[in-house]
Amino acid sequence: MSASSCYKNCQPASIGKKIIMALSGLVLAGFVFGHMIGNLTVFKGAAAINEYAEWLHAHPGLLWVARSVLIVSVIAHIWSGVLLTIENRIARAGGPAVEVTRQASLSSRTMPYSGVIILAFIVFHLLHFTFRKIALGGQEFGADVYKMIIAGFSQPAVALFYIASMILLCLHLSHGISSVFQTLGLRNQRWRGRLDVVATAYGWVIALGFISIPLAVLLGQLK
Amino acid sequence: MKLDAKIPAGPLADKWNNHKAKMRLVTPTNRRRYHIIVVGSGLAGSAAAASLAEMGYEVSCFCYQDSPRRAHSIAAQGGINAAKNYQNDGDSVRRLFLDTIKGGDYRAREANVYRLAQVSTSIIDQCVAQGVPFAREYGGLLANRSFGGAQVSRTFYARGQTGQQLLLGAYSALSRQIGAGTVKMYTRHEMLDLVLVEGQAKGIVTRDLVTGEIKAWASDVVVLCTGGYGNVFYLSTNAQGCNVTATFRAHRRGAGFANPCYSQIHPTCIPVHGEDQAKLTLMSESLRNDGRVWVPKNSADCAKPASEIPEEARDYFLERKYPSYGNLAPRDISSRAAKEVCDEGRGVGQVVDGKRLGVYLDFSAAIKRLGESAIRERYGNLFDMYENITGENAYRQPMRIFPAVHYTMGGLWVDYNLQSNIPGLFVGGEANFSDHGSNRLGASALMQGLADGYFVLPYTVTDYLAGVGLSGRPSVDRPEFKAVVKEVEERTHWFLNNNGNRSARSYHKELGKIVWEKCGMTRDKAGLEGAIRDLQALRDDFWKNIKVVGAGNQLAPELERAGRVADFLDFGIMMCLDALTREESCGGHFRTEYQEAGEAKRNDDTFAHAAVWEFKGEGNLPKRHTEPLTYEEVQLTTRSYK
Amino acid sequence: MVKPSEQSSHDSERTLALRLRVWRQLRGGEGHFEEYSLAAVPVSASFLEMMDMLNEQLIREGKDTIAFDHDCREGICGMCSMTINGMPHGPIPGVTTCQLHMRNFRDGETITVEPWRARAFPVLKDLAVNRSAFDKVIQAGGFITVRTGSAPEANNTLIPKPIADEAMDAAECIGCGACVASCKNGSAMLFVGAKINHLNILPQGQPERERRTLAMVKTMDDAGFGNCTNYGECQAHCPKGITLDVIAKLNRDYLRARVKDFFSSTGKARKGGE
């Protein structure tokens with residue numbers, strides 16, 4: 001079997017990749033919800049969020065299971081997304097000289113772009129708050145997550161980057177969530193409109209939930 | 001020319017079964033050693049190719065379209081007849097047979113029509129098994145509706161797209177065989193000639209429309225399912241590519257062409273809108289159930305909008321002339337009545353070529369009576385289609401309609417086995433002349449195409465092959481093939497290099513006008529004689545001044561068109577000659593000299609026969625032969641719809 | 001864009017002068033746009049009749065005509081295929097190019113006419129493309145296996161009317177390829193989904209359901225079509241109103257077939273039990 005025929009035969013069919021994309025997306029969309037709820041404990045005060053962080057670290061087994069699932073999902077999501085995007089570019093063969101869009105939403109047309117930026121954000125975010133290597137002015141926070149958050153978001157550029165990324169995440173989710181149902185064959189004309197509303201609402205809930213923290217820091221509500 | 005119809009002996013109802021029992025067979029292991037060429041992929045062609053391949057023969061199928069699914073069978077709207085008697089209204093094979101033979105005005109062969117009625121029921125079974133989504137009742141049973149010319153509900157339908165669904169069914173069967181490798185499909189290939197070896201059809205010559213390659217193909221038998229010749233009229237409801245070339249080229253090689261003067265005119269088409277129009281669109285006849293047909297009484301009113309013409313100044317001419325049938329008078333009668341009022345200068349709509357050719361089909365009374373929503377529910381899609389094409393809203397103003405050619409009953413002469421007078425040349429579907437006589441009933445074209453393809457040709461072709469034996473297929477290196485290829489190449493080369501100044505389309509338009517005027521809804525001796533002279537002059541001019549642009553090794557639509565128009569010109573002459581020599585009126589052929597109180601007057605003593613034309617060389621008029629039609633079971637009566 | 005109903009009844013006299021930017025390409029060559037002027041186009045003409053007029057003008061000038069696919073000219077054969085001002089089948093939703101009329105264009109307008117653009121539909125000449133990939137997909141499984149003459153009595157299998165209607169909705173697809181041309185991914189999922197929906201919901205289609213789905217999807221992928229990313233452009237450009245529902249159901253049937261295949265010890269669904 002030559003390399004090129006393996007490329008064709010060893011990867012799942014188009015719909016298979018879509019299903020991988022949908023299922024991994026579903027995991028990630030669920031994760032961001034949990035992450036957001038956890039983060040919002042910051043509004044209950046330093047003790048609450050530090051306790052939450054401590055609880056997480058006290059259960060490394062659980063944490064690593066979750067992390068493994070997340071890592072696999074992220075890799076699957078990126079892998080299928082990259083393959084689909086490349087194949088689709090080739091299949092389009094340049095497209096017409098006059099490009100017209102009748103139905104495709106902005107969010108659907110920008111999925112690869114919002115996806116790449118969100119990926120960049122995730123890398124930044126991990127270096128920032130998980131590995132604590134950048135944008136924290138070299139300070140050590142130890143177990144005081146609350147303090148780290150305040151310090152992290154006190155820099156307007158960083159806070160704005162977080163806010164912008166969350167708006168892109170909202171965009172990504174508003175197409176992605178509804179698409180999950182379509183790809184798994186659970187959507188029809190009657191439900192399409194409703195699912196689109198649900199997806200957009202979900203995107204905004206996630207985004208606003210996350211944005212509220214850097215915004216509160218910027219506006220001096222969280223200190 | 002020897003015309004032996006080979007009708008099996010015995011009682012009418014047993015002929016087909018007896019015949020099938022006696023026909024020769026080919027053993028399964030030998031079948032793959034026979035090669036069958038099928039030209040055309042409509043209902044008859046797809047069905048025949050798929051069925052023969054299923055049996056084990058090696059089949060090659062050719063079509064000019066880019067996919068077999070595009071054949072013009074796809075455009076049939078109404079439905080398909082079958083004597084299932086699901087409605088318990090007294091239908092039977094015999095009744096379908098009688099309706100069809102009467103509808104054809106007693107100019108079809110009894111035995112063929114009876115067989116058609118017999119196999120009609122198997123067609124429905126076959127199509128349902130293929131997944132054709134026929135309309136159904138809530139209980140899950142198949143639904144039926146009634147159609148013109150019958151007192152029973154025997155028409156099966158799939159919305160307004162029955163032809164599409166049946167063709168997609170046949171196409172799927174064909175596709176299965178292509179996928180299995182038993183049918184080799186050649187799309188965008190046009191058959192340009194037939195090859196005879198020792199008097200038998202043994203192959204064809206095609207042009208690959210994409211690459212321009214001209215190639216010979218040898219086979220043991222050739223089956224033509226290439227449709228009708230309605231486009232000789234230039235404007236018709238046929239697809240743009242429909243042409244007579246395959247059957248006319250076979251005719252030039254010796255196949256008899258039967259009854260070319262029989263063409264059917266459909267009364268409810270959208271009128272011609274301008275000189276540059278290339279196509280007429282048919283709307284379902286069902287519109288006449290609720291629409292009233294009228295024109296102004298006074299020709300001075302014709303230019304006014306309909307709303308400004310008062311009730312007393314309107315002539316509801318169908319209701320006036322045919323009080324009992326009124327607006328539901330049969331197709332040919334309604335069509336002729338519309339032509340008459342327009343010829344009197346009382347037509348409505350746009351002036352095209354100095355005339356207004358259209359009559360109103362007015363729904364205002366029905367809208368007043370039933371409400372707009374009821375009309376919208378019944379005919380919404382047709383009103384939308386009308387508005388899309390004409391830009392007019394038929395809820396607010398009357399539709400305009402005019403008759404147009406949409407089916408041709410004539411075709412290559414075939415015997416009971418659907419074999420032409422050339423051994424090894426079989427003809428199915430609209431391309432043959434066999435089942436509709438001089439007029440076709442609604443919902444019978446689909447029935448005939450599928451009957452020929454699924455249930456007749458597989459048997460009769462097998463019988464023929466068993467007779468020729470295994471050594472029958474010649475090599476394409478034989479001189480017969482080389483000679484025909486050379487002729488086709490020379491003709492193609494001539495077209496591409498002739499230094500002319502007129503496009504093929506302009507000739508086609510002129511041809512269409514002549515035959516529509518003189519050999520259309522009504523014909524007469526002087527007109528037909530004039531038409532033949534005009535067509536001969538037009539043909540001579542064509543062969544001097546035709547201009548074909550394009551390259552021989554690329555898609556060359558003008559080259560395709562020129563070849564088709566060339567054959568249509570010769571064919572048009574033969575059609576007029578047939579109309580001239582049939583000195584009677586019957587079905588779609590109405591000679592003004594032969595009428596009784598405005599109705600067609602048949603002459604059964606002299607003309608109860610099929611006229612079969614033999615090619616007599618380039619530039620010569622063809623020679624008329626006859627196949628007498630003998631009726632053992634039916635009484636010949638006069639149609640009356642007064 | 002003018003709504004047809006707002007037109008007067010006798011608009012036949014109104015004509016347009018147009019500039020046309022038309023894609024010209026020989027088989028195997030590179031393509032380019034050429035500009036043409038065409039005067040006195042009646043607004044009652046169809047778009048293809050306008051193209052006929054342009055071709056007659058080219059013949060008078062001794063130039064090669066523009067090749068384009070067309071046949072029935074009543075919106076059912078699926079042969080016509082032009083991208084007009086960026087829209088497959090032009091600006092009016094729900095109609096094919098052959099049913100598009102010139103009253104929908106403005107006097108003096110420049111109209112850009114291109115072929116279907118997709119890797120799986122190579123250009124044959126000018127505006128005509130090769131859509132045989134669609135036929136290959138059907139050949140792979142777009143049928144119910146029934147030999148001529150072997151069919152049972154038609155009314156033996158009852159099909160509830162809603163099922164028959166749903167199958168018919170999907171079966172209305174004319175195979176024109178506008179879904180592929182409009183899709184920003186060059187995906188054929190609407191076409192394949194329509195055929196899968198037609199056959200997979202009928203009782204007659206059940207025995208081959210999994211095999212059909214897997215085989216058609218594989219052939220579709222091999223033909224070089226793109227993947228569906230749920231843009232919905234296909235639905236918005238389909239002249240026959242086929243909806244994204246058929247894609248959702250294709251996805252579901254594919255998933256179902258893969259799961260069945262995965263848990264079957266022989267992998268018979270994929271191989272068709274041969």
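**A close look at chain C**

Modeller: Let's start with two strands of chain C: S1 (residues 15-24) and S5 (residues 110-114) pair in the parallel sense, over four bridges. A strand here is a DSSP run of E with at least two residues, a helix is a run of H or I with at least four, and both are numbered from the N terminus. Two strands count as paired if DSSP finds at least two bridges between them. For one bridge you can find yourself, go to C:Val22, whose partner in S5(C) is C:Val113.

Before we go on, this is a predicted model, in which local features need pLDDT of at least 70 and side-chain atom pairs count only at pLDDT 80 or more, while totals for chains, interfaces and linings use all residues. Residues are numbered from 1 along each chain as its sequence is written, and chains are lettered from A and ligands numbered from 1 in the order in which they are written.

Now zoom out from that pair to the sheet.

Next, see how the chain is divided. Chain C has domain 1, covering 4-125, and domain 2, covering 131-271, with bounds from an automatic or database domain assignment. The centres of these two domains of chain C, taken over C-alpha atoms, are 31 Å apart. Where they meet, domain 1 of chain C contributes 19 residues and domain 2 of chain C contributes 18; two residues are in contact if their C-beta atoms, placed from the backbone, lie within 7 Å. On the domain 1 side of chain C, the residues that touch domain 2 comprise 10 nonpolar, seven polar and two charged (Ala, Val, Leu, Ile, Met, Phe, Trp, Tyr, Cys and Pro are nonpolar; Asp, Glu, Lys and Arg are charged; the others, Gly among them, are polar).

What surrounds chain C? Two pairs of chains touch, and the pair with the most contacts is B and C. That contact involves 70 residues of chain B and 73 residues of chain C. Several helices of chain B supply at least two residues each to the side that touches chain C, including H3 (43-55), H5 (110-130) and H12 (445-468). The biggest contribution on that side of chain B comes from H6(B), with nine residues. Sorted by type, the side of chain B that touches chain C has 24 nonpolar, 30 polar and 16 charged residues.

Chain C also meets chain A, in a contact with 40 residues from chain C and 34 residues from chain A. Here strand S5 of chain C returns: S5, H6 (209-222), H7 (233-237) and H8 (245-263) of chain C are the elements that give two or more residues to the side touching chain A. H8(C) gives the most to that side, eight residues. The side of chain C that touches chain A consists of 13 nonpolar, 17 polar and 10 charged residues. As for chains A and B, no contact joins them, and their closest C-alpha atoms lie 21 Å apart.
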